[in-house]
Amino acid sequence: MPKNKSTTSKTKATSTPLLISIIIPTYNSHKYISSVLDAIKANNYKNLELIVVDDNSKDHTLEIVETYKHKFNNLIIIKKSKKQKT
């Protein structure tokens with residue numbers, strides 16, 4: 001029987017840190033969405049992709065999120081319509 005050889009994969013260390021994706025589902029979240037986004041912005045880790053998925057909010061959630069576009073390089077806003085299902 002052949003012997004199993006243990007192999008280790010070597011990865012090159014790169015100077016670019018891993019991209020972390022943060023997904024925030026929202027629905028009528030105007031009361032706390034600013035606090036959430038401010039807390040993420042205050043984080044020391046900077047290689048972030050921020051995805052906000054709004055489930056057809058009836059309040060000012062999306063308007064608030066839009067004001068944060070200039071603070072985040074990788075802010076993606078997804079607006080679900082009434083007809084979309086999860």
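What follows is a short exchange on how terms are applied to this predicted model.

Mentor: Ground rules. In this predicted model, local features need pLDDT of at least 70, side-chain atom pairs count only at pLDDT 80 or more, and totals for chains, interfaces and linings use all residues. Residues are numbered from 1 along each chain as its sequence is written, and side-chain values use heavy atoms, with hydrogens and water left out.

Trainee: What makes a run of residues a helix or a strand here?

Mentor: DSSP runs, numbered from the N terminus: helices are H or I with at least four residues, strands are E with at least two. The chain has two helices and three strands. Along the sequence, the pattern is β-α-β-α-β.

Trainee: Why is isoleucine 24 called buried?

Mentor: Buried means under 20% relative accessible area, exposed over 50%, partly exposed in between (1.4 Å probe, protein chains only). Isoleucine 24 has 10% relative accessibility, so it counts as buried. Isoleucine 24 sits in strand β1, residues 20-26. Of the chain's 86 residues, 26% count as buried.

Trainee: Which residues does isoleucine 24 touch, not counting those up to four places away in sequence?

Mentor: Contact means heavy atoms within 4.5 Å. The partners are Ile33, Val36, Leu37, Ile40, Leu50, Ile51, Val52 and Val53. Take valine 52: 28 residues apart from isoleucine 24 along the chain, yet their C-alpha atoms are separated by 4.8 Å.

Trainee: What makes a set of residues a nonpolar core?

Mentor: The members are buried Ala, Val, Leu, Ile, Met, Phe, Trp, Tyr and Cys residues, joined through side-chain atoms within 4.5 Å. The largest one has 13 residues; Ile24, Leu37, Leu50, Val65, Phe72 and Leu75 touch the most other members. Two or more residues each come from α1 (33-41), β2 (48-54), α2 (61-66) and β3 (75-79).

Trainee: What is valine 65 in contact with, leaving aside neighbours within four places in sequence?

Mentor: Ile33, Leu37, Val52, Leu75 and Ile77.
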